[in-house]
Amino acid sequence: MAEFAVVFVLDKLTTLLEDKVNLIKDVKREIEYVRDELERMTAFLRVADAAEDGDPELKVWVKQVRDLAYETEDIIDEFMFHLRRTNPCFPAAVGACCFLHKLILAVRNLRTHYAIASEIQTIKSRMTDIAEGHRRYRYRFTVPNQGSNSSAGGGSSRGGIDRRGDALLLEEGELVGIDSPKKHLVTWLVEGGDSRLKVVAVVGMGGLGKTTLVKKVFDDAAVKKHFHNHAWITVSQSFNVEELLKDTAHQLFDQMKMPFPPEMSSSYMNGNRLKAIIKDFLRGRRYILVFDDIWSIQAWESIKYALPNDDRGSCVILTTRFLDVASSCSVENNGYVYKLNPLSEEESWILFCRKAFQSNSCPNHLTEICLNILRRCGGLPLAIVAISGVLSTKKETNIDEWKMLNNGLGSELGSNDQLESMRNILLLSFNYLPYYLKPCFMYLSNYPEDHLIEHNTLVRQWIAEGFVRAKEGRIAEEVAQGYLNELINRSLLHPVRTNDDGSVKVSCIHDLYREIILSKSRDQNFVTTTAERNMAWPKRVRRISIHGSLEKSEVKRYGTRLCSLLSFSVGDSRSISSMLQLIKSSRMLKVLDLTGVPLEKFPEVILELFHLRYLCLRNTWIKKLPSSIKKLQKLETLDLKGTYITELPAGVLKLRYLRQLLVYHHVPGSYMAYNYVHGFKALKGIGCLKSLQKLCFVEACYGSTVLKEIGTMTELKRISITKLRTEDCAVLCSSVENLVNLSSLGLRAMEGEILDLQYLSSPPPFLQRLYLGGKMEKLPHWIQSIHSLVKVYLRWSRLSDDPLEHLQDLPNLVHIEFLEAYIGQKLCFKAGKFRKLKLLGLDKLEALREVIVEEGSAPLLEKLIIQRCSSLESLPVGIERLMNLKVVEFFDMPERFILQLSPRKTGDEYWKVAHVPEVYHTYWRNGCWEVYALDDERENEEAGKNGAAIVKTQEQRNWL
């Protein structure tokens with residue numbers, strides 16, 4: 001983390017020095033000294049960051065460097081703030097060169113500049129002492145190449161004991177939940193007629209039991225008998241290719257009791273010759289080799305050419321924490337990827353009780369505490385065994401001891417020697433992160449336990465913090481998405497919900513990784529959370545995350561150097577008052593998220609936040625923005641989703657850096673009304689916001705004038721426009737053609753108007769999501785040409801021609817929803833069409849009598865929802881062939897239709913959906929959904945009971 005802090009401030013210092021500014025000579029010389037010393041330290045910091053946990057002296061030095069970088073950044077930000085305050089007419093949005101030039105000219109006669117110069121001198125003085133520490137420490141550690149991206153976090157912490165090899169010594173009787181995955185893997189290895197070399201990759205987060213599982217597979221009698229030669233090689237992060245190859249050769253020769261080639265003892269033996277020896281030895285034999293703990297594709301590349309593929313049915317198994325390593329190794333070698341899942345709740349409980357109580361039973365008075373501890377283990381065998389081992393030493397009668405561990409698990413991870421091995425194994429993944437990913441990952445410590453993390457929100461926050469910048473022809477949002485994918489690939493983030501294109505929409509972090517980054521954030525003064533009670537607060541808090549409440553007495557602790565404030569579930573008036581007071585004293589804020597805070601008026605204190613880049617007032621009660629919002633000239637994200645704002649002041653047009661403008665709220669209801677979402681009235685002149693990428697939902701109240709301006713906003717990736725009139729459509733189509741970066745387009749006509757999109761001849765080439773609402777005489781011809789489309793919504797279109805004819809050949813179409821979109825009597829999914837369709841919703845197609853799914857159509861369909869189709873006579877013809885269906889649900893369908901599904905009905909259609917795991921029929925009654933599960937009804941019938949169990953819920957069920 002210190003490396004990132006230094007690199008971050010170096011960018012600011014370099015900008016300050018390289019721009020054509022008449023800096024005061026003494027100040028410039030001192031800034032150059034600080035910059036040069038920090039540059040010399042960056043390569044060493046890459047090693048020091050990973051090694052500091054095991055070296056207290058080094059940890060102190062790293063902290064000093066990090067704090068110095070933070071303070072230098074604060075000085076620069078303060079510099080910029082004072083310029084704005086002393087010259088409010090100065091436009092913040094001009095180039096850095098002009099900005100800094102005017103800064104120096106404006107400040108020479110001000111006392112504040114002398115104070116800033118004095119602070120830089122102090123920084124230089126401190127840097128001299130820190131630089132001496134650098135010269136002492138650099139000789140104790142190997143410094144990597146300057147161009148390396150990764151931290152050198154190999155092995156466990158210095159001074160700790162590496163216990164990863166213990167997984168090889170566990171008896172099978174001690175293990176839980178291993179039978180099924182072991183059976184899968186053994187079957188893959190010894191069965192099947194393919195004689196080519198197979199590579200099986202077992203992937204999962206650290207501590208999940210990959211090594212344990214593969215060792216039991218490796219030792220299985222059937223596997224031993226099937227393969228002639230066997231070898232187990234542990235790789236890890238910092239492996240030596242020659243030593244690894246020698247180890248492999250020694251095992252193979254030893255097993256056959258053959259003498260080693262004499263040349264292998266030579267210190268001059270190179271990797272290529274070792275590969276040749278191994279390859280010659282294995283040629284013509286059926287072998288199985290395990291490469292445990294591979295951390296990079298490069299590691300596999302250095303091994304694979306030693307392995308002959310001579311159609312003998314040989315196999316290689318590898319374990320890794322990285323999805324891309326697993327995929328790369330297996331795909332090119334006729335292999336499989338086995339993603340190891342956490343233990344189930346039942347399996348976790350069995351393992352926990354076995355270790356904590358040496359039995360299968362837990363005392364009743366400890367059950368609730370144990371279940372809560374177990375939940376935080378998240379099915380991770382390593383954590384369950386380690387924590388239950390600690391608990392096994394505590395008296396079962398002393399409930400206070402058990403409560404203390406439950407409430408203080410985070411501190412126990414850092415201080416309990418019995419948990420050190422587990423912590424070290426989990427820390428490996430953190431230490432191995434590239435420097436640019438460490439702050440991104442640690443930023444997740446802002447979020448409460450079990451919080452679902454919305455990726456779009458996280459990306460915007462990262463960018464506003466400065467963690468992510470555009471590079472190599474990619475905008476910052478695309479780079480940030482790449483960072484998210486890296487964290488998922490490293491098994492540090494776990495996907496919860498995905499978008500239709502397969503990208504992750506919402507994810508979560510394992511509780512134990514969260515505890516680790518909470519500890520790191522606390523130690524490094526990166527994030528402070530108000531949920532952490534009885535802790536020593538840092539002198540200067542840089543980021544604060546408010547969970548639930550904020551006491552007035554706590555406000556003074558946080559100082560004025562906050563750069564980020566996020567709130568979660570803050571609702572009481574006292575906390576709100578304290579929070580606004582804190583914001584008032586935090587003029588350096590870049591990120592402010594007040595989601596869900598019951599604010600009725602826009603807080604005026606926000607207008608003084610000159611550095612603010614991200615402002616989220618989502619789900620507050622605010623009805624109006626002040627015209628002085630224009631003062632926030634660095635603002636990049638303005639999120640007003642779920643507020644009552646329907647008009648924006650003209651001052652918004654001064655926010656020239658704005659990238660995200662989200663202003664809308666949904667109208668609640670059981671079913672979607674025509675005007676289900678309210679946006680904001682378009683501003684004349686909105687076209688000046690050239691940096692906008694997302695604009696939702698804008699009402700076309702000025703018609704063609706505004707629509708023409710939208711056509712000039714060529715950075716737009718997502719736009720939703722409502723209240724369109726028939727006469728606007730020609731201009732609308734002309735503007736949409738200019739939006740070549742658009743991936744999501746939402747258009748809705750006013751009731752009674754026609755949405756005519758035939759004027760559009762060249763649609764945006766990368767369009768993925770299309771939402772069309774309003775009467776249409778026919779579906780636009782150009783839809784058939786957009787091969788990138790993954791989602792299509794047609795609402796209130798009332799088309800007379802079957803819309804499926806226009807959609808059936810779209811190669812990437814995953815999601816279709818029709819709401820009052822079609823007035824015909826039959827929908828036909830033709831044979832061999834809709835090859836990727838997974839989600840299908842049909843709502844209020846009142847004339848529809850028949851749905852036909854021909855042979856080979858929609859083979860991947862997983863979820864089908866049919867709502868309010870009152871004329872539909874039977875289940876879709878061919879539904880029994882849709883073998884991937886997981887959920888079918890019928891909403892407010894006629895009784896005669898539902899009766900056909902009853903297991904009691906003679907000649908019923910139940911058999912057609914008997915293969916579907918979840919089938920429901922649901923009704924909106926008395927303000928909630930009544931949900932009936934078809935399988936429950938069948939089971940009750942078999943047991944002699946009447947009807948099915950009813951589940952009542954107000955959750956939104958009828959949206960795919």
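**Close-up views of a predicted model**

**View 1. Contact between helices α14 and α22.** R375, R376 and C377 in α14 meet D511, L512 and E515 in α22. By class, this contact of α14 with α22 has two nonpolar, no polar and four charged residues. The structure is a predicted model. Two packed helices are described by the angle between their axes and the distance between those axes. The axes of α14 (residues 367-377) and α22 (residues 511-523) come within 6 Å and cross at roughly 80 degrees. Angles of 65 to 115 degrees count as roughly perpendicular, and α14 and α22 are therefore roughly perpendicular to each other.

**View 2. Crossing of helices α6 and α7.** The axes of α6 (residues 179-190) and α7 (residues 210-218) come within 10 Å, with a crossing angle of roughly 50 degrees. That makes α6 oblique to α7. The crossing of α6 and α7 is right-handed. On α6 the contact is made by P181, K182, L185, V186 and L189, and on α7 by L213, K216 and V217. These residues divide into six nonpolar, no polar and two charged.

**View 3. A cis peptide bond at C696 and F697.** Most peptide bonds are trans. The bond joining C696 and F697 is cis, with omega about -20 degrees. F697 lies in strand β19 (residues 694-699).

View 4. Most residues other than glycine have a negative phi. For S569, phi is positive, near 60 degrees. S569 sits in the loop between β11 (564-568) and α24 (573-584), and is exposed, with a relative accessible area of 69%. N619 also has a positive phi, near 60 degrees. The loop between β13 (614-616) and β14 (637-639) holds N619, which is partly exposed at a relative accessible area of 42%.

Definitions and conventions: Residues are numbered from 1 along each chain as its sequence is written. This is a predicted model: local features need pLDDT of at least 70, side-chain atom pairs count only at pLDDT 80 or more; totals for chains, interfaces and linings use all residues. Side-chain values use heavy atoms; hydrogens and water are left out. Axes are lines fitted to C-alpha atoms, for helices over the stretch in contact, and angles run from 0 to 180 degrees between N-to-C directions. Helices (H or I, at least four residues) and strands (E, at least two) are DSSP runs, numbered from the N terminus. Angles under 35 degrees count as roughly parallel, over 145 as roughly antiparallel, 65 to 115 as roughly perpendicular and the rest as oblique. A crossing is left-handed if the near helix is turned anticlockwise from the far one by less than a right angle, and right-handed if clockwise. Contact means heavy atoms within 4.5 Å. Ala, Val, Leu, Ile, Met, Phe, Trp, Tyr, Cys and Pro count as nonpolar, Asp, Glu, Lys and Arg as charged, and the others, Gly among them, as polar. Buried means under 20% relative accessible area, exposed over 50%, partly exposed in between (1.4 Å probe, protein chains only).
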